[in-house]
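Reader: Please show me the model, and then let us go through the terms used to describe its packing.

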Amino acid sequence: MCIAHRRCVAAILLACTVQPATLAAAEMALSQVMQAQGRTMQRIAGAIAREDYEAVAQGAAAVIDPPRPAAPLAEKFALMRFLGADIGRFRALDGETKERATTLAKAARARDGEATIEAFRRLQTSCLACHADFRAPFRKHFNLQEGES
């Protein structure tokens with residue numbers, strides 16, 4: 001076995017043996033993304049109230065493609081183990097959220113207040129569905145406290 005393959009196998013074995021508590025920190029990449037998404041949703045709500053459609057569209061774009069901090073390989077494997085058979089549901093909800101954010105951006109660009117509000121409601125509902133399925137189990141699995149994810 002070549003050195004590169006040995007290193008890859010070693011990294012995978014290490015990642016598979018990392019306990020959730022080892023990753024239980026607010027520095028987890030997914031936690032950082034979710035916290036940023038929460039702030040973005042608050043900015044969108046404020047922009048809707050001010051009828052600042054450009055800011056709404058910018059916020060929707062940030063929901064569609066949020067900044068992603070680099071996640072260590074161990075964290076990626078831990079998340080995959082946590083999601084297990086539910087990874088398809090998680091990805092489907094993520095896709096639905098992105099679709100609804102796209103609809104929000106279109107409504108905002110059209111400066112259609114009622115459509116913007118309805119699109120935001122649908123986006124919030126999509127977020128809520130994912131949180132209902134995954135937030136509490138995620139916090140419990142990774143020993144996170146309220147406000148850390």
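**Helix packing and nonpolar cores**

Author: This is a predicted model, in which local features need pLDDT of at least 70 and side-chain atom pairs count only at pLDDT 80 or more, while totals for chains, interfaces and linings use all residues. Residues are numbered from 1 along each chain as its sequence is written, and side-chain values use heavy atoms, with hydrogens and water left out.

Reader: What makes a set of residues a nonpolar core, and which members of the largest one touch the most others?

Author: A nonpolar core is a set of buried (under 20% relative accessible area, 1.4 Å probe, protein chains only) Ala, Val, Leu, Ile, Met, Phe, Trp, Tyr and Cys residues joined through side-chain atoms within 4.5 Å. Of the 17 residues in the largest such core, Met-41, Ile-44, Val-56, Val-63, Leu-104, Phe-120 and Leu-123 touch the most other members. At least two residues of this core come from each of α2 (29–50), α3, α5 and α6 (113–141), and α3 supplies the largest share, 5 residues.

Reader: Why are α3 and α5 called roughly antiparallel?

Author: The axes, which are lines fitted to C-alpha atoms over the stretch in contact, with angles running from 0 to 180 degrees between N-to-C directions, cross at roughly 165° for α3 (residues 53–64) and α5 (residues 87–109) and come within 8 Å. Angles over 145 degrees count as roughly antiparallel, and α3 and α5 are therefore described in that way.

Reader: What is Leu-123 in contact with, leaving aside its neighbours within four places in sequence?

Author: With contact meaning heavy atoms within 4.5 Å, Leu-123 touches Met-41, Val-63, Thr-97, Arg-100, Ala-101 and Leu-104.

Technical notes
Helices (H or I, at least four residues) and strands (E, at least two) are DSSP runs, numbered from the N terminus. Angles under 35 degrees count as roughly parallel, over 145 as roughly antiparallel, 65 to 115 as roughly perpendicular and the rest as oblique. Buried means under 20% relative accessible area, exposed over 50%, partly exposed in between (1.4 Å probe, protein chains only).
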